[in-house]
Amino acid sequence: MKRILVIGIGAGDPDYLTVQAINALNAADVFFVMDKGAAKDKLVALRKEICARFIKDHDYRMVEATSPERRRDEGIDYKAAVDELNRDKQAVFERLIEDELGAGQCGAFLVWGDPSLYDSTIRILDAILAEGRLAFDFEVIPGISSVQALAAKHRVPLNFIGRPVNITTGRRLAEGGFPHDVDSAVVMLDAQNAYTQLEGADLDIYWGAYVGTPDEILMSGPLDAVKDEIVRVRAQAREANGWIMDTYLLRKRGVKE
Ligand SMILES: C[S@@+](CC[C@H](N)C(=O)[O-])C[C@H]1O[C@@H](n2cnc3c(N)ncnc32)[C@H](O)[C@@H]1O
């Protein structure tokens, strides 16, 4: 039986790798490296660095595949575009598992951050198994997500005592405003500075870009006071690097604990 490991490699710093992830790296014969867009070279290089640093006395192969990209045509329905993207990714995964992995071998997908958070690898492997054309076992190894890395860097808890925290996207924040029934929200995948629309909402923001990498930038403070500076710094960093990965925590001000 072929075996697949979905390994969370943490969100930037190679030191985020867990002992379980390092053991999993040392069990794999083939690594499937999937990346896309402007960040591709840096992210592929980081995965290679991780393998070179943590794999001891064990032969392995790296197979790079270009991850299909979501269609961004004007007016295209977001959900339909994501479904189409996942179908395309499924075809790439199937080819990799079928052609690049021998019977009894172990393959690994190195997933940025944690595989359970805004990542489709688990969903795609489930879809392949459900179709029944390929058979394999798979296991998921958790990683340090960008959410945990951000909170640690700012030395801030995600939730107030006994209170929930909402993890959402920039798109949803822009559409629906600050989530109801929570006083803490983490926002990911925000290409449009959705936080700027929350002026006057009496929030603190804890923002981080490229967290855990040498390019890391952290900013925090009352949202109304720092949002324009974040927009400026973000645009500058995006321009300098050609891409940006940022996440932020929004918390209501003045919550008594
Ligand atoms: C497709 S999601 C993947 C999330 C990943 N699975 C995780 O556990 O963090 C990509 C989003 O994660 C966030 N992100 C990932 N790595 C980051 C980092 N090092 N610094 C800041 N944000 C990051 C950004 O919001 C980015 O748009």
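Hi everyone, let me start with a term we need: a polar contact is a pair of N or O atoms within 3.5 Å. Keep that in mind as we look at this structure, which is a predicted model.

Let's begin with the ligand. Which backbone atoms sit close enough to its nitrogen atoms to count? One case is Val211, where a polar backbone atom is 2.9 Å from a nitrogen atom of the ligand. How much of the ligand does the protein cover? On its own the ligand has 570 Å² of accessible area, and the protein covers 89% of that.

Now, who stands around the ligand? There are 16 residues, and those that come nearest are Ala11, Trp112, Ser146, Asp246 and Thr247. If you sort the shell by type, you get nine nonpolar residues, five polar ones and two charged ones.

Where does the ligand lie relative to the domains? Domain 1 covers 2-144 and domain 2 covers 147-252, and both give residues to the shell, so the ligand lies between them.

You can find Thr168 in strand E6, which spans residues 166-169. Is Thr168 buried or exposed? Its relative accessibility is 8%, and the cut-off for buried is under 20%, so Thr168 counts as buried. And what is Thr168 in contact with, once we set aside neighbours within four places in sequence? The answer is Tyr118, Val186, Val187 and Met188.

My last stop is a pair of aspartates. Take Asp57 to begin with: this residue is not a glycine, and its phi is positive, near 50°. Asp57 belongs to the loop that runs between helix H2 (40-54) and strand E3 (61-66). With 85% relative accessibility, Asp57 counts as exposed, because exposed means over 50%.

Asp202 also has a positive phi, about 60°, although Asp202 is not a glycine. On the chain, look for Asp202 in the loop between strand E7 (184-188) and strand E8 (203-209). How accessible is Asp202? Its relative accessible area is 47%, which falls between the 20% and 50% cut-offs, so Asp202 is partly exposed.

To recap, the ligand lies between domain 1 and domain 2, Thr168 is buried, and Asp57 is exposed.

Technical notes:
Residues numbered from 1 in each chain as written. Predicted model: local features only at pLDDT ≥ 70, side-chain atom pairs only at ≥ 80, totals over all residues. Heavy atoms only, no water. Near = heavy atom within 4 Å. Polar contact = N/O pair within 3.5 Å; in protein donor to acceptor, adjacent residues only side chain to side chain. Areas by Shrake-Rupley, 256 points an atom, 1.4 Å probe, with all protein chains shown as cover. Nonpolar A, V, L, I, M, F, W, Y, C, P; charged D, E, K, R; others polar. Domains from an automatic or database assignment. Helix = DSSP H or I, 4+ residues; strand = E, 2+ residues; numbered from the N terminus. Buried < 20%, exposed > 50% of the residue type's maximum accessible area, 1.4 Å probe, protein only. Contact = heavy atoms within 4.5 Å.
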